[in-house]
Amino acid sequence: MPRGRADRGFFPPEERLNVVNTATQSPADHDCPATRWSLDDLAATIINNVHDREMSRSTIWRTLDDADLKPHRSVYWLNSHDPGFDAKAQAICKLYLDAPRLYQQGQLVVCCDEKTGMQVLERKFPTQPVQPGKPEKREHEYIRHGTRALIASFVVPTGQVLANLGATRTSNDFAAHLDHVATQFPNMHQFHWIVDNLNTHWSLPVCRVIARLCDLSFEPEQLRMGAERRTFLSDPNHKHVFHFTPIHGSWLNQVELWFSTLSRRWLGRGDFCSVGAFDADFWRYLDHHNSHRAHPYRWTYTGEPLVRGTPFAETRRKQQRGRAWFGRKSQRFERLLYPPRPYIRRQAAVAGNL
């Protein structure tokens, strides 16, 4: 039956639900050769499946917008296959939460990692400064003077960063960095090192340095295998204890947050005429950070799955920017797709230790 003027544009919830179901399925399930949905492909598929009710392209777009669906978008995600991911993540997060208390007791939590391949670039022509109505303009052609490798340690309770800058990041380089950091804190009774699973982090030179720092006998014949070295470095009875992040879980290392800040504030727009200028500018930036900007990060992840803290009906850009819907009560279409759930954020028990 054709629709009249009074019900033009009205579609019952089951028909709009069909749009959402189609958009959340693969195009191959509907004999579409594309690998992702476009609005035109989605509209053609829906119209072909429902011959008696024509739904316009704009109506389909509004239906997807109401459901906060963007089938044309895709992002990468990383699935960790480490069977002990939860236990390792919770142990590292507990160290972060306990870091201020441990620091007062003479135990230091340090996050360590490398940032390799930092390019020393010089722009062929000067950068034009920002002007009213115009952004800064950088020349896209550059002169490449080589690369530098940074090994940095982020002191969790204070936010201080200690670094070694060089041309390589071998096992000997990492071992020398550990020795350098340890000598800066002679009053600490124990060190907790947060590192990822890179082989240079549990190499024989690293074991040699840790044995010397812990006043232990070094026996290379007992540390031939990687598992033996990791067990030796992870011994909780040693003065220097290594905590390895789970596989594909290097984002748990807080030094990665500082690397992100370094890229945005200094490296991204850097213009260096030589390697020497690069090194001098980096040490100037690091000194300024430790003097004026060093602070501990507010770590909120506890190793448990995150729970959404805001109901869905209150997030959709403030009720679609005030368009046509009034009040805070969710619509019938929303209640069918997103039934009420107890959005309660559980408080971590370890938070009371702060």
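Which residues does Lys115 touch, not counting residues up to four places away in sequence? In this predicted model, Lys115 touches Arg148, Ala149, Leu150, Phe259, Leu262, Ser263 and Leu267. One of these residues, Ser263, also makes a polar contact with Lys115, from side chain to side chain, at 3.2 Å. Lys115 is buried but forms no salt bridge. Glu256 has the nearest side chain of opposite charge, and it is 7.1 Å away.

Lys115 is part of strand E1, which covers residues 107-123. Strand E1 belongs to an open sheet of 5 strands, arranged in the order E3-E2-E1-E4-E5. The pairing in this sheet is mixed. In general, the strands of a sheet pair through backbone hydrogen bonds, in either a parallel or an antiparallel manner. Strands E3 (161-166) and E5 (240-244) form the edges, and each of them pairs on one side only. On average, neighbouring strands of the sheet are turned by 25 degrees against each other, direction ignored.

Ser153 stands opposite Leu162 of E3.

Helix H5, residues 171-183, lies across E1, E2, E3, E4 (190-195) and E5. The helix runs at about 145 degrees to E3.

Conventions: Residues numbered from 1 in each chain as written. Predicted model: local features only at pLDDT ≥ 70, side-chain atom pairs only at ≥ 80, totals over all residues. Heavy atoms only, no water. Helix = DSSP H or I, 4+ residues; strand = E, 2+ residues; numbered from the N terminus. Buried < 20%, exposed > 50% of the residue type's maximum accessible area, 1.4 Å probe, protein only. Lys, Arg positive; Asp, Glu negative; His and termini not counted. Salt bridge = Lys/Arg side-chain N within 4 Å of Asp/Glu carboxyl O. Polar contact = N/O pair within 3.5 Å; in protein donor to acceptor, adjacent residues only side chain to side chain. Contact = heavy atoms within 4.5 Å. Pairing = 2+ DSSP bridges. Axes fitted to C-alpha atoms, helices over the stretch in contact; angles between N-to-C directions.
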